Amino acid sequence: MKRVRIDLDRIADLHNLARAAYLAGRGKRHRPEVMAFFTDLDQSLARLAAGIRNGTRPLGIYHPFTVRDPKRRLIHAACFEDRVLHHAVFAQAGPVLERAMVDSSCACRVGKGPLAAVEYARSALHRYPWYVKTDIRAYFASIDHERLLALLRRRFKGAPFLALLQRIVESYGKVPGRGLPIGSLSSQHFANYYLDALDRLLLQGLGARAHVRYMDDLLWWCDDSAQARATLAQVKAFAKESLMLEVKETAQINRSRKGVTFCGYRILSGTLRLSRRRQRSYQDRRRQWEHRFLAGDISARELQQAYDAVHTITLHADSRGWRSKNLARFPALDV
């Protein structure tokens, strides 16, 4: 394959960095470190450009915090200057990785996303009789740095740029040589590309009839249960031997006519329903906003805006009947 050369001057170009700063700071301009960066933007960009050229960036400073969405996840947010760097790097490198991946990989890509993944799944459920659904155990924490860098060296050339990518990859690691931080733009791109070889194995080597992946959530279709079991065994072996990853033992093999839960939706023939996780999220968020209103934290207008935001969880699904039953079972608090 033809490798692409990216010079550090393209990354450190002030127009590229200014655009990256805008993207990294969007919606966060009130935060102290973001305000400090933009207070003297010219000096901040010049300092970052110099650090890119002399090899002292990224800083590798991460701020950990925990979220529940709905399960508990430990997020490591890069410091703002590193986030600007990540945007600057992937403004140049992102399109190269984008062109390299199969069309049915849907995470962190322009024009894709969870709804695109759902549409791939809906189409395949109508066409092929059996599916396999699985994911990777502790995916981000298990990514092998050396294997990832080897994959990146097959796409890019130029020692200074590859050294920059290596510094970004190795700036985090609870276990030496392994793991990417959840919550980093660079991690999203790296993790998405890391499984491209597995996508191609399924589509080109194992003869899967159709395939869709959303980050490490994998779904593919076969002609019968024997082929489904055989492909699953080969996927497990490839993931372990070539990518140093472990496929979960909870893989699901089933008939397409029974439907599948994927990307927050229960996909059935002729209908798209909310998954149980999304139903719980809708109910929990509605109650949280109602409690805040009763406590006097928000106004009636803000409560209505919150209702609108919560309702977006149910969009795209055939959810009107379920929402009516949910409201009857759990009436709105006395607001």
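Leaving aside neighbours within four places in sequence, which residues is Val89 in contact with? In this predicted model, the residues in contact with Val89 are Ile11, Gly94, Phe161, Leu164, Leu165 and Ile168, once those sequence neighbours are set aside.

**Nonpolar cores**

Val89 belongs to the largest nonpolar core, which has 65 residues. Together with Tyr139, Phe156 and Phe161, Val89 touches the most other members of that core. The element that gives the most to this core is helix 5 (residues 80–100), with 10 residues.

**Asp40**

Asp40 sits in the loop that lies between helix 3 (32–39) and helix 4 (41–54).

| Residue | Relative accessible area | Class |
|---|---|---|
| Asp40 | 38% | partly exposed |
| Cys79 | 6% | buried |
| Cys222 | 0% | buried |

Asp40 is partly exposed because its relative accessible area, 38%, falls between the 20% and 50% limits. Cys79 counts as buried because its value of 6% is under 20%.

**Cysteines**

How many disulfides does the model have? The count is zero. For Cys222, the closest cysteine sulfur is that of Cys106, and the two sulfur atoms are 18 Å apart, which is too far for a bond.

Key:
Residues numbered from 1 in each chain as written. Predicted model: local features only at pLDDT ≥ 70, side-chain atom pairs only at ≥ 80, totals over all residues. Heavy atoms only, no water. Helix = DSSP H or I, 4+ residues; strand = E, 2+ residues; numbered from the N terminus. Buried < 20%, exposed > 50% of the residue type's maximum accessible area, 1.4 Å probe, protein only. Disulfide = S-S within 2.5 Å. Core = buried A, V, L, I, M, F, W, Y, C linked by side-chain atoms within 4.5 Å. Contact = heavy atoms within 4.5 Å.
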